[in-house]
Amino acid sequence: MTNKKINKDSIPERTKSFKISTRITFSSILAIVISIAVIAVLSSTFVSIARKSYIPANASKSDYYSIINQVQWNSTISQLAECIELEENPLEEIKTVTAPLEQNKTLIYIEKDGETFYRTEGELTALDEARRINVTDTEQNSYYFSDAGIAIVTHVESNGAEYLIVIFNPEYSVPNAVPSHYGIERSLTARALFTLLAIVLVFIIAIVVISLITSKTIVNPINKIAKGANEIAKGNLDYEIQYKSKNELGELAESFDDMRKRLKRAQIDKNEAAQQQKEMIAGIAHDLRTPLTSVKGYVEGLRDGIADTPEKQERYLETIYDSTCSMDIMLNDLLTVSKLVLGKIELHCEKVLLSDFNEFAIQLGKEIEYDDFDFEFIDNSKTNPTLFLDTDRFSRVIDNVISNSVKYRNPNEKGKIILSVSEYERNIIFEIADNGMGVEPESLPRIFDTLYRADKARSNVSDGSGLGLSVCKQLVELHGGMIWAQNNSMGGLSIFISLPKYEKED
């Protein structure tokens, strides 16, 4: 037979998902069932042994008299009395009862109304042997015991006849009566103690079984969860609790693991925010340095008399003015970003029909044409839905997106901007598409980050601060909308803005 190694973790998946209350209930029931089963087995064994000890066939197998023997002989006499009362073939039934006794040298004599009814074959009858050991009174029922043997005399009345039954066995000895008395007591006491010990042992086994079940199904998972909690407390946010179950402990382990993931995500976000803050400070310093350097250089030119003609002076002053305007826009954007991050910007929303936006788009198109851009407005709406928005803030979003399209035009062809509006069941989507330089695919998810510029397509610092699209994203999200970007078929960039429709109150 091949010995198979038992894996301590080979617990069926179904039992791993049992609730703790179910486990405890099951363990308690199991302990009771085990106890009852073992006690039943012991009781059956005890009864079986007792029955074998008390059957009439063994009545004469003992070589000394005891109370148990007397009970056995009484049983034998009762069986003989039942045979006598039979109307048909009583002698055959008597022979069946007496045969095993007679094989052990027991003599049986039955007399009916003074005449012999049954006797064990031999020279002497049980009555002769009884009289030999001084049993002379056969009128009284008696049990006579001596060193010469045992003699039992009893009477039975049946069907109007009187029967005398005499049983004799010469091989019985009579020990001291007191020791016999104490012998039976010791026997009964020993058996009672054995039964009590067996019951105690059963409950000990049940407790051990419950402890093992508790250890494997409750304590072990708790230890795993405790170890996981300690690892998390130490800062090891990569440690995963290896316990999967649908019970309370499984839910607790899952909660710890979710907490670990949230802490890890928070740590990553914190590190990214710190890095972004460093980049933003460096970016602001870099972006401000360019216009400040320009202002400083042209002011020095004016002070040193380099601009010695009115035309040069006007050009210097115009450049200084443009640089200060760029710094002003940059600082305003930075201030807006700060307010948005701190939650200090409040929207003043109102209900606006989409047709009102159409008028704004037409006016916007006229302004774009001054920058030598083709402009096209496409209205795909089926109805005239209502939006709930801050018109000033939303206008700034559109202006920022279109300004980016103008700044990052493709120098090899005439610029084009298409503004389209599409209506869906729950929202309105605005698309602003240009035929500019586009953005590298890996940079698309990040163009709405603060101070981020796509290196290859939009890296000219003088073209903008990198704060515009970040402001747009946060303003759109304040309206409950979404903004995203993707490259389009014209080779440029498309910015999508999704806003929810205004739901009328009942």
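**Entry 1: β9 and its partners**

I started at I378, which stands opposite S420 in β9. The model I am reading is predicted. Next I looked up how the strands around this pair run. Strand β7 covers residues 373–379 and pairs with β9 in the parallel sense. I noted 7 bridges between β7 and β9.

Then I turned to β10, residues 427–434. It is joined to β9 by 7 bridges, and these two strands run antiparallel. How many residues does the hairpin from β9 to β10 pass through? I found 3 residues in that hairpin.

I also checked burial in β9, residues 415–423. Of its 9 residues, 8 are buried, so β9 is largely enclosed by the rest of the structure.

A reminder to myself: strands of a sheet pair through backbone hydrogen bonds, either parallel or antiparallel.

**Entry 2: the open sheet**

In what order do the 5 strands of the open sheet stand? I wrote down β2-β1-β5-β4-β3, with antiparallel pairing. The edge strands are β2 (115–119) and β3 (142–146), and each of them pairs on one side only. On average, neighbouring strands of this sheet are turned by 15° against each other, direction ignored.

S142 stands opposite V153 in β4.

**Entry 3: helix α4**

I moved on to α4, which lies across β1 (107–112) and β2. Its angle to β2 is about 55°. The helix has 13 residues, 90–102. From first C-alpha to last, α4 reaches 18 Å, close to the 18 Å expected at 1.5 Å a residue.

Where does α4 kink? I located a kink of about 30° at T96, shortly before the proline P100. Which residues of α4 are buried? My list reads P90, I94, V97, T98 and L101.

Last, I checked the confidence. The protein averages a pLDDT of 77, and 75% of the residues score at least 70. Residues 174–182 have a pLDDT below 50. Beyond near neighbours in sequence, that stretch has 8 contacts in the model. Residues 455–465 also have a pLDDT below 50. For this second stretch I noted 28 contacts beyond near neighbours in sequence. Where pLDDT is low, the predicted coordinates should not be read in detail.

Definitions and conventions
Residues numbered from 1 in each chain as written. Predicted model: local features only at pLDDT ≥ 70, side-chain atom pairs only at ≥ 80, totals over all residues. Heavy atoms only, no water. Helix = DSSP H or I, 4+ residues; strand = E, 2+ residues; numbered from the N terminus. Expected span 1.5 Å × (residues − 1). Bend = angle between axes of the 7 residues up to and from the residue. Buried < 20%, exposed > 50% of the residue type's maximum accessible area, 1.4 Å probe, protein only. Pairing = 2+ DSSP bridges. Axes fitted to C-alpha atoms, helices over the stretch in contact; angles between N-to-C directions. Contact = heavy atoms within 4.5 Å. pLDDT = per-residue confidence, 0-100.
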